[in-house]
Amino acid sequence: QKIGKDTFGKGIFNSVAKDSTWSMKFGLRMQYLTSVGLDADANNNFDFDPKNLQTDTKVRRYRLKFDGFVLSPKVKYKIELGMSNNDTGSSNEYTKLGPKLILDAVLKWNFYKNLEIWAGQTKLPGNRERVISSANMQLVDRSILNREFTLDRDMGFQLRNHHTIGKQFLIREVFAITQGEGRNITTGNVGGQQYTSRIEFLPYGTFTSKGDYKGGDLKREPKPKLSVGLTYNHNDRASRQRGSQGSIIELIDDSGSPEDHVFATTDVNTSFVDFMYKHNGYSMMGEFAYRNADDTTIGTNPVKVGKGYNLTAGYLFHNNYEITTRYSQVDYKGIANTKEQYTVGVSKYIVGHALKIQTDLSYTTVDGASDGLQYRLQFEVHF
Amino acid sequence: QKIGKDTFGKGIFNSVAKDSTWSMKFGLRMQYLTSVGLDADANNNFDFDPKNLQTDTKVRRYRLKFDGFVLSPKVKYKIELGMSNNDTGSSNEYTKLGPKLILDAVLKWNFYKNLEIWAGQTKLPGNRERVISSANMQLVDRSILNREFTLDRDMGFQLRNHHTIGKQFLIREVFAITQGEGRNITTGNVGGQQYTSRIEFLPYGTFTSKGDYKGGDLKREPKPKLSVGLTYNHNDRASRQRGSQGSIIELIDDSGSPEDHVFATTDVNTSFVDFMYKHNGYSMMGEFAYRNADDTTIGTNPVKVGKGYNLTAGYLFHNNYEITTRYSQVDYKGIANTKEQYTVGVSKYIVGHALKIQTDLSYTTVDGASDGLQYRLQFEVHF
Amino acid sequence: QKIGKDTFGKGIFNSVAKDSTWSMKFGLRMQYLTSVGLDADANNNFDFDPKNLQTDTKVRRYRLKFDGFVLSPKVKYKIELGMSNNDTGSSNEYTKLGPKLILDAVLKWNFYKNLEIWAGQTKLPGNRERVISSANMQLVDRSILNREFTLDRDMGFQLRNHHTIGKQFLIREVFAITQGEGRNITTGNVGGQQYTSRIEFLPYGTFTSKGDYKGGDLKREPKPKLSVGLTYNHNDRASRQRGSQGSIIELIDDSGSPEDHVFATTDVNTSFVDFMYKHNGYSMMGEFAYRNADDTTIGTNPVKVGKGYNLTAGYLFHNNYEITTRYSQVDYKGIANTKEQYTVGVSKYIVGHALKIQTDLSYTTVDGASDGLQYRLQFEVHF
């Protein structure tokens with residue numbers, strides 16, 4: 001006996017209670033990545049001797065997904081578990097030395113009109129590139145802006161609303177109160193919470209198939225679509241180098257040595273402005289990030305303050321090949337070097353984002369001098 | 001095509017071999033916990049300044065469950081995997097630095113009349129509160145008695161029997177021989193085995209729906225039901241501070257330093273008396289625990305000997321709200337402080353234990369002085 | 001509603017897209033092991049005092065399996081996840097301190113005639129005993145040859161072909177280029193790749209049900225069947241004690257101390273000759289392994305060079321009991337001691353390899369003197 005599902009990306013099976021009190025869809029997704037890198041030498045030149053190439057092949061992401069509703073279609077849940085070593089992240093004393101298997105574990109209750117409350121662990125309403133699922137990216141992976149500024153996931157609560165002005169001008173508002181320490185933290189929740197607000201403007205209405213949070217214009221929007229988003233995040237007494245992410249900041253005692261597991265904290269603010277535009281196969285996404293902190297000198301790993309840019313543009317041909325380019329920059333205001341990255345990629349969407357092959361080439365500079373080249377090839381399948 | 005199941009807690013799908021040689025039910029369960037704590041200050045007073053509050057939100061438990069039979073309905077198996085950082089526990093050198101994903105992995109063979117042999121890893125027949133699934137608790141979590149005295153899980157064998165005297169007086173006997181080191185141990189199985197015996201008396205017969213091992217009288221027993229249990233456990237040459245649980249006891253050499261990974265061992269005995277009473281929405285559960293050891297001074301982390309009490313009482317209203325109170329005490333006979341805890345909780349059982357919201361408030365004293373307050377809110381769903 | 005499957009070992013459910021673009025079979029397998037060991041004393045005698053026995057019970061293997069095709073039956077995938085502490089191996093800094101949950105994650109594309117390309121992580125075409133699934137073993141576990149010489153799993157690419165000469169003489173060729181560091185490595189992919197070639201000769205054609213890669217002649221081959229395989233593996237600038245496996249080799253500085261995380265590398269070559277013979281319930285498997293290296297003195301954990309033998313023979317009675325014997329030897333050419341092991345085992349195949357009970361007894365010598373005795377009892381079920 002077979003359990004049939006429509007096509008890729010729609011789940012492996014659906015289970016529904018006879019009394020319609022719950023549903024569950026089970027899906028699975030995997031990403032294989034091969035990359036070849038070359039670092040510039042001391043004179044910022046590239047020596048293409050094969051011995052200098054760093055090759056790397058891995059299961060980049062491997063996810064089990066469960067979603068559905070409980071009691072009423074108005075109460076939805078979403079669970080995503082990561083199984084690869086890249087998914088489970090680096091376990092440490094703050095995760096009970098256990099792997100961070102749980103990515104998402106969130107309940108969403110639409111309790112009144114367009115108002116939804118979310119509870120649990122999931123992505124914060126931060127920069128657009130981060131909120132776009134790693135399954136739906138236009139290039140092999142996210143940008144250096146995201147790596148340095150993302151708010152990523154956190155545990156807590158989100159309140160979400162949306163309303164339409166006039167015929168189609170859509171506005172979305174999100175407000176989140178969360179722990180401020182990132183995902184899967186069991187101890188070491190020091191300092192205060194973090195507070196995240198986001199507002200989005202979609203003057204021409206919703207994108208087809210939630211395309212404002214998917215890479216590339218795979219639906220070839222017949223009319224121009226635009227979304228502009230603004231996020232402001234305040235992490236009260238944060239104790240990590242990038243707010244809720246990165247290395248722990250430990251206090252330095254009078255003799256100049258770090259005090260083990262004694263956290264230094266300071267308030268950290270992160271802001272984003274981003275947009276997505278799509279029309280007729282063309283897509284463009286841009287992001288600006290800015291982080292500051294009350295005290296940028298405190299502790300062993302002071303907060304990294306600075307700003308970042310990211311601009312991505314792509315065109316999808318009618319044969320479902322896409323060419324995409326990206327420029328991104330991270331400027332740490334003298335604290336660290338300024339990094340720029342130029343990327344060009346080609347994707348073949350066999351069954352949309354659910355089955356695709358992607359490849360890209362990146363050139364990175366540090367303070368304007370050549371730093372590295374990287375070629376990547378990725379295969380994604382999503383059941 | 002849909003796979004229908006009756007309601008919550010009955011599994012997500014059932015799979016049965018066409019030739020009826022096996023069956024498998026797959027279930028999934030999750031628990032979200034938010035807690036707010038306040039420690040007393042040096043003068044044992046509570047200062048309710050928000051800055052002193054410790055908040056904590058986490059996926060407390062996230063479990064995948066597989067059970068069914070092989071070859072014959074007389075040979076059953078049960079597997080439970082934990083996915084949250086709290087489930088997988090703290091990995092260490094004795095677990096190959098790997099996470100303790102496997103909670104239960106046990107085969108149960110009913111080989112003759114009422115005789116069953118169990119093989120594998122599962123809970124020992126220890127204190128009642130521990131054996132009650134964390135899915136079926138009356139309060140947000142188990143008591144301090146359980147934390148200090150539980151026998152928890154172990155690998156090995158259990159022999160189980162039951163018989164009825166007269167019309168309804170049920171007696172159950174269990175005898176277990178297990179490794180004595182707790183779950184998921186791959187190396188460091190030092191000392192001898194542990195031996196656990198338990199006998200239970202149910203003078204008025206079985207509870208409805210196995211209610212002697214479920215918190216609260218959700219079935220509103222029309223007639224009074226009682227179960228009294230006695231457990232005696234002997235851990236031969238144990239090497240952990242609480243028998244099979246807790247920190248490793250390392251030998252101390254002549255100079256007074258611990259010898260790394262050289263285990264000190266001593267025989268440890270743990271006894272329990274416990275009962276469960278239910279009638280018409282009222283429930284009462286009590287436990288007494290006692291531990292002693294041959295040598296309570298040996299090694300780096302000597303065995304914690306002492307006793308504990310726990311008394312829980314609840315009433316389930318007809319709207320499926322329950323009020324529960326608990327008093328528990330741990331008395332370490334001068335080795336450590338005496339801890340007492342008073343808890344009051346409210347539960348709303350939406351679909352029994354399979355979908356519920358629970359909240360409780362605990363006040364803890366140490367040697368009679370105020371020590372801490374804790375408020376907890378938990379959501380449980382069980383597919 | 002029930003999802004029926006034929007019998008053991010055929011999967012728990014099958015899911016197929018309505019448009020036939022993909023399929024997925026989900027299976028699950030578990031192995032419980034109890035072993036009792038006795039080390040010889042200083043005079044190489046065995047003292048059977050119960051206090052000297054080391055007992056050990058564990059979930060030896062616990063696996064979730066997903067396999068099927070994508071887009072076309074010519075593009076197959078196979079995923080196997082390990083859940084027990086023995087499966088996930090010892091996490092370390094090169095696995096992001098995360099557990100090695102992923103065993104297999106591989107795509108197999110039959111792109112032309114008999115040519116297949118494999119991409120991802122899976123077993124290398126090394127010694128036969130290793131490639132035989134741990135589900136299909138004749139004895140409780142693999143030999144000491146395998147423990148010391150196996151190429152195990154790796155990430156990368158394999159090209160596979162086979163052709164028939166005359167009526168039935170089958171030849172298989174495999175060539176693999178892989179990372180050379182073993183499975184689930186996220187950092188520390190130092191040195192070059194590893195290259196593995198294997199050729200197999202099956203002069204009497206294919207075995208029934210792929211029996212050349214299954215322990216024991218469970219199919220009672222009516223005519224004699226033989227497979228002979230030769231493998232040559234070259235690990236370019238390897239940095240582990242057994243090529244892609246074992247401890248990291250760290251550089252030793254001038255003062256004689258190891259330099260933390262600075263890898264010493266040397267080329268390592270491993271060769272195998274092996275065969276499988278089956279007829280009428282009789283089976284015989286033999287292996288010879290040989291490893292050498294450019295520099296066997298470099299670094300903290302020099303490469304272990306030497307050779308190994310392994311000869312296994314079994315007979316399956318008509319009641320599906322099998323008696324198996326094995327002799328294996330590892331000779332480290334003076335670098336380490338020579339180890340020999342004699343094993344005799346009895347298996348009862350209830351439903352072939354998918355449901356069986358196995359037991360064996362091993363006697364080990366080191367440089368000819370008694371070293372250890374080990375008794376093992378294992379239960380395997382495969383849904």
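**Before you start.** This is a predicted model, where local features need pLDDT of at least 70, side-chain atom pairs count only at pLDDT 80 or more, and totals for chains, interfaces and linings use all residues. Residues are numbered from 1 along each chain as its sequence is written, chains are lettered from A and ligands numbered from 1 in the order in which they are written, and side-chain values use heavy atoms, with hydrogens and water left out.

**Exercise 1.** Find which rotation superposes chain B on chain A, and which C-alpha of chain B is nearest the axis.

*Solution.* 
- Step 1: Superpose the copies by least squares on the C-alpha atoms of residues with pLDDT of at least 70 in both.
- Step 2: Look along chain B for the C-alpha nearest the axis; B:Pro99 has it, 3.9 Å away.

**Exercise 2.** Describe the interface of chain A and chain C: how many residues take part, and how much area is buried?

*Solution.* 
- Step 1: Count residues in contact (heavy atoms within 4.5 Å). Chain A gives 41 residues and chain C gives 42 residues.
- Step 2: Work out the buried area, which is the accessible area (1.4 Å probe) that two parts lose on being put together, summed over both. Here that is about 3500 Å², and carbon and sulfur atoms give 63% of it.
- Step 3: Look for salt bridges (a side-chain nitrogen of Lys or Arg within 4 Å of a carboxyl oxygen of Asp or Glu). Between chain A and chain C the rule finds zero.

**Exercise 3.** Now take chain B and chain A: which element of chain B supplies the largest share of the side that touches chain A, and how do the residues of that side divide by class?

*Solution.* 
- Step 1: Name the elements, using DSSP runs numbered from the N terminus: helices (H or I, at least four residues) and strands (E, at least two). Among those of chain B that each supply at least two residues to this side are β3 (23-39), β4 (54-70) and α1 (85-88).
- Step 2: Pick out the largest share: β4(B), with seven residues.
- Step 3: Sort by class: Ala, Val, Leu, Ile, Met, Phe, Trp, Tyr, Cys and Pro are nonpolar, Asp, Glu, Lys and Arg are charged, and the others, Gly among them, are polar. The side of chain B that touches chain A has 20 nonpolar, 14 polar and seven charged residues.
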